[in-house]
Amino acid sequence: MAEPDFYLSDAQRELQRALREFVSKEITPIAATCDAEEHYPLELFPRLGALGYLGLGFPEDVGGSGGSRLDYAILCEELAYGSGGIALGIYVHMALACAALEAFGSQHLKQAWLAPALRGERIGAWAFAEAGAGSDAGSIATRAVADGDSYVINGSKLFITNGPIADFLIVVASTAPERRLKGLSLFLVECDRPGFRVAGSLSKLGVRASEMAELVFEDCRVPAANLIGRENGGFLDSLSTLTLGRIASAAFAIGVARAAYEATLAHAGRRIQFGQPIGSFQAVRFGIVDMALAIEASRLLCHRAAQAADRGLPHGREASMAKLHATEACTRIVERALHFHGAAGYMSDSPIGRYYRDCKVFELGEGSSELQRNMIARELGL
Ligand SMILES: Cc1cc2nc3c(=O)[nH]c(=O)nc-3n(C[C@H](O)[C@H](O)[C@H](O)COP(=O)(O)OP(=O)(O)OC[C@H]3O[C@@H](n4cnc5c(N)ncnc54)[C@H](O)[C@@H]3O)c2cc1C
């Protein structure tokens, strides 16, 4: 029988193998503690940077390691297999903050921030959501007003991953409120700027190894050169360009689902009831088969979207389909994994409980399932 991912190149298989080894040594052993203590292992950033993983998919002339979107999808799956929370912190840094900087930043900003960020020496965050603006980006109330050679930013951001640990933020702010979505611009804000503060850390149900905060901007002045992309167009441009986030979300969901599936497969062979392994009961066998099938279908959709992006083909629909399918499948798979583990899976020290708390966020972030369905419907001509 062929390997299900027989289409991967030798280099991609080697990348996958090396990542599995890294994750099993450096991430899996600390995943439960980081989750319990709501603590991000900062030392992973320079370590992943030194190994070239943070630069995956970024051009070498800006300090990246080269490589493809498919390489990046492989990275995301493997990191999330070890810890959804740790993977989330890396993802926000790479797929949102660094990707926006790479796509739209000036040469000066790239040199000053992107190269050190890809080495893991600086940590980025993506400051988009607000109390009144989640799915509805047009309601963003944070204002950036041009004043001479600067912009003055006022407002607050909520639910910002990496907020407490970041060195720089990519902030989505309104430069023309009357134009709503078409009046949004992106700014790089250094976290030591006067007028910026982290208002407080937020505690979460899942992905607890990632740190999250509310951020406040009070007359925070940034140079006009910190504008990323077009004024009044930066955010819309980023929506069409930063499909990497949806591909990454799909890959994360696949990683968490695979961890839950593998644990369930092993448990089903080990756990004896009525004198036989529970995996010999048809109801359990069929449930586990459905998990394996959903993971492989999700991975094919995810890798298709990544390869379309690598070939420069339109891939918005593919990225949305991959994200929608993989994230909803992950929630179903993890629920079944807990079910088949019985009470043992329900205990606080069971990794299944962590997967159960982690999985739901993938359906909410990067555009919820409803927003993905809306995007796909538009692509289908509805
Ligand atoms: C763990 C975690 C990490 C996060 N990290 C970041 C981060 O780093 N940076 C950042 O900017 N944000 C972050 N967020 C916030 C994230 O961007 C928002 O959760 C997301 O945009 C959804 O917004 P909301 O939570 O306000 O939900 P809402 O927009 O209030 O949606 C609530 C419900 O209504 C549904 N809904 C909304 N509009 C429609 C519609 N038009 N049609 C049908 N249904 C609809 C949604 O699908 C959802 O089910 C994070 C959130 C979480 C949970």
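Domain bounds here come from an automatic or database domain assignment. This is a predicted model, in which local features need pLDDT of at least 70, side-chain atom pairs count only at pLDDT 80 or more, and totals for chains, interfaces and linings use all residues. Residues are numbered from 1 along each chain as its sequence is written.

**View 1. Domains of the protein chain.** The assignment divides the protein chain into domain 1 (10-123), domain 2 (125-231) and domain 3 (243-379). The centres of domain 1 and domain 3, taken over C-alpha atoms, are 21 Å apart.

**View 2. Contact between domain 1 and domain 3.** In domain 1, 20 residues are in contact with 20 residues of domain 3; contact requires C-beta atoms, placed from the backbone, to lie within 7 Å. On the domain 1 side, α1 (10-37), α3 (69-82) and α4 are the elements that give two or more residues. Helices (H or I, at least four residues) and strands (E, at least two) are DSSP runs, numbered from the N terminus. The largest share of this side, 10 residues, belongs to α3. By class, the side of domain 1 that touches domain 3 has 13 nonpolar, 3 polar and 4 charged residues. Ala, Val, Leu, Ile, Met, Phe, Trp, Tyr, Cys and Pro count as nonpolar, Asp, Glu, Lys and Arg as charged, and the others, Gly among them, as polar.

**View 3. Helix α4.** The 21 residues of α4 (residues 84-104) should span 30 Å at 1.5 Å a residue, and the 28 Å between its end C-alpha atoms agrees with this. The expected span is 1.5 Å times one less than the number of residues. At C98, α4 bends by about 35 degrees, the bend being the angle between axes fitted to the seven residues ending there and the seven starting there. Of the 21 residues of α4, 20 are buried, that is, with 20 or more other C-beta atoms within 10 Å of their own, all placed from the backbone.

**View 4. Helix α8 and the residue G312.** Helix α8 (residues 282-310) has 29 residues and reaches 42 Å from its first C-alpha to its last, close to the 42 Å expected. G312, which follows α8, has a positive phi near 75 degrees.

**View 5. Shell around the ligand.** The ligand is surrounded by 18 residues, the closest being F128, G134, S135, T161 and S368; a residue is near a molecule if its C-beta atom, placed from the backbone, lies within 6 Å of it. Domain 2 and domain 3 each supply at least three residues of the shell. At least two residues come from each of β1 (124-127), β3 (150-161) and α12 (361-364), and β3 has the largest share, 3 residues. The shell comprises 11 nonpolar, 5 polar and 2 charged residues.

Conventions: Buried ≥ 20, exposed ≤ 12 C-beta atoms within 10 Å, placed from the backbone. Contact = placed C-beta atoms within 7 Å.
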